[in-house]
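Subject: The two-chain model, handed over

Hi,

Here is the structure I promised to pass on to you. Please open it first, and then read my notes alongside it.

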Amino acid sequence: MKDRTATSSASTGLADKNPAESPQRTFALASFRGLQVLLPGLCTLLLWELAAWQWPSVARLVSQPIEIGRGIVDVVTTGIIWQHFDATIKEMAAGYVIGAVTGVALGFLCGRIKWLGDILNPYITLFNGIPKVALAPVFVIWFGIGLMSKIAIIITMVFFVVFINTFAGLRSVNEDYVAIVRIMGASGWQVVREVFLPATLPFIMVGLRAGIPFSVIGAVVGEFIASTKGLGFFINYNQGTYDTNGIFVGVTILALLVVVLDGLLSLVEKRLLKWRPEVEAKNVGA
Amino acid sequence: MEPIIDLAHVTKTYRSKGKRVLALKNVTLPVEKGSFTTIIGPSGCGKSTLLKIIAGISLPYEGRLNYKGREIASINSDVGFVTQDSNLFPWLTLSQNVELALKIRGVAKTERALVAQRLIDTMQLTGFETHYPFELSGGMQKRGSIIRTLIYDPDIILMDEPFGPLDAQTRLVLQDELLRIWDANKKTILFVTHDLTEAIALSDKVVLFTGRPGTVKRIFDVPLRRPRNVFEIHNEKGFTDLYHEIWSEFKMEITV
C-alpha cells in the first residue's frame, strides 16, 4: 500500500537534483561557476588597466587597478587605514545592531498587535519617506562630530528596512498554522516561538541583508559631513588633495567590506533557512 | 448513547465588508462517540465553518454546542484538526512536524521521538524522517499531517476536505489508511467533503447540508458492512441505491 509517487518526487519534481553528483564533480562544478562569476569582473579590470596605460587622462580620473591595489597594500602596511577602518566598523556595528534589533522588535509588535500597527504604521511610512541622508546634518548638530552622529544616521536607515520586512513577514503568516498550534494547546509565547518566528525569519533575513549597504552609506555620509576619522573621512580627505587613487582605495575597501559582511550573512541565512527549496536553478551550464 | 458533540440550533453570522453574512442557520446535529460522520454539501455552505466552531477557532455562535456536555467558549484542544492543505510547517522536518503537538504539551524529547517514529512507521513514511515538507510528495505530506494530529490522541478528529487536493489514486489509498486507523482506534471522526462517493465509502452517517446559509437537510445512515473496501465500493451491495438517493437530494442544492 505504498504511495507510488513517494520515491520519485522525494526530490522536488521538476527542478530535480543531479542524481550522480560525486564530490569531485561537485567541486569541479563549483570552481567552474566561480570562474564564470569572476570572469566579467577580471575582464573589466583588465580593460580598465589597459585603458589607463593607453590614455593617461583616464588614469587621472579613475586611477587604475594596479595602482589601487598598490595603494591598498600601502595603507594597510603603513597602518594609516586602521584608525579609519576601526571608526567606520564601530559606527556600523553599533548602528546596525541597534537599528536591526529595534526594527525586528517593533515590526513584531506592529505586525501582531493590530491596533498598534494601525496607529504606528502611517507615521512609520511618513518617516520612511524622508531621505535619511537629509537628516545627517541635524544629527551632527545633536550628537557632535564623533561616532554618535553616524550611529544615529545608521540606526534610522537600518531600522526602516528591517522594520518593513519584519512587518510584511508577520502579516503574511498563514493563519492556518496559528490555528493548528493553538488547537494543539500552544500558549501565546509558544505560538510566537513555533510559528511567528520561523515563518517570519526569511523576511527578517531579507531586511538584515538589505541593511548592510545602508549601514555603510550612513557611516560614509556622516563622515563626509563632519568627522576626524573613518573611511568616509579618508575618501573626503583624498578628494581635498585631488588624489583619485586615494579615493578609489577608500571606495574599494568599503566595497570589499560590504561583500564580506553580506557573504557572512548569507552563510548564516543558508544555515537558518535550509528548509527552503533552493531557488536558483541547479544545473545551469552543467 | 450520549453524543460527544451535540449541536442544537447553531447559527453563525460573520461580518464581511461591512455586511452581515449568514453562514450557518439553525444546525442541529448530534455526533456519536466513535462514529464516522461525513458532512457533504455544496461549496460555500458553511461546512468548514462548522468544524472551526467545534474547534473553538471561529467564535462566537448562537445556539447550543455541547462538547462532552460542556459549552465551547474557547480553543478546544481536545480535538484534532486536519486542514485541506497539509500545512506541515515548512521549517520543520517530517519527524519534527509529527512531534510538534507533544513538544507543545511538554513531553520529553526521547519519549515523543518514540511515539512519532511508531506513527511514521505505520504510515509507511520510514526513511523520510529528516526530510523537509518540500521534499515530500503531496500524499506523504497528507499522511504527515494526519499523524501529527493523531499523535496527541484527540477525542475527535475534524477533517476539512483533507483529500481534496490529491490525485484519485492517492486519495483511495489514503481513504483506505484512514479507515484502518479509525478501525484500530475508534476515534470520532467528523469529515467534510464535497465528494459523495468518498462520503458513502467512509462513513456511518452522511449529513447533507443545504446551500448557503447551510443547515442540515437530511441525515442518511450508511448500512454498508465494515470493514469496507474503498477501492471496490461501487460494487458493494446497496451502494448504488444509496448514492442515487442522496444525489437526488444533493443535486437540488447545487446551483452553478
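Predicted model: local features only at pLDDT ≥ 70, side-chain atom pairs only at ≥ 80, totals over all residues.

Residues are numbered from 1 along each chain as its sequence is written, and chains are lettered from A and ligands numbered from 1 in the order in which they are written.

Let me start with chain B. Its secondary structure comes to seven helices and 10 strands; helices (H or I, at least four residues) and strands (E, at least two) are DSSP runs, numbered from the N terminus. The C-alpha trace spans about 50 × 45 × 40 Å along its principal axes. The radius of gyration of chain B is 18 Å, which agrees with the value near 18 Å for a compact globule of 256 residues; the radius is taken over C-alpha atoms, and the globule rule is 2.2 Å times the number of residues to the power 0.38. Of the 256 residues in chain B, 48% are buried. Here a residue is buried if 20 or more other C-beta atoms, placed from the backbone, lie within 10 Å of its own, exposed if 12 or fewer, and partly exposed in between.

Next, the contact between the chains. It takes 30 residues from chain B and 25 residues from chain A, where two residues are in contact if their C-beta atoms, placed from the backbone, lie within 7 Å. On the side of chain B, helix 5 (168-185) gives the most, with four residues. That side divides into 17 nonpolar, nine polar and four charged residues; Ala, Val, Leu, Ile, Met, Phe, Trp, Tyr, Cys and Pro count as nonpolar, Asp, Glu, Lys and Arg as charged, and the others, Gly among them, as polar.

Which residues touch the most other members of the largest nonpolar core? Among them are A:Val181, A:Met184, B:Ile54 and B:Leu119, out of 83 residues in that core. A nonpolar core is a set of buried Ala, Val, Leu, Ile, Met, Phe, Trp, Tyr and Cys residues joined through C-beta atoms within 7 Å. A second, separate core of 45 residues includes A:Phe214.

Finally, some local details. In chain B, cis peptide bonds join B:Arg212 to B:Pro213 and B:Arg226 to B:Pro227, with omega about -5 degrees in the former and near -5 degrees in the latter. B:Pro213 is in the loop between strand 9 (205-209) and strand 10 (216-221), and B:Pro227 in the loop between strand 10 and helix 7 (239-250).

B:Glu161 has a phi of about 45 degrees and is buried, with 20 other C-beta atoms within 10 Å.

Happy browsing!
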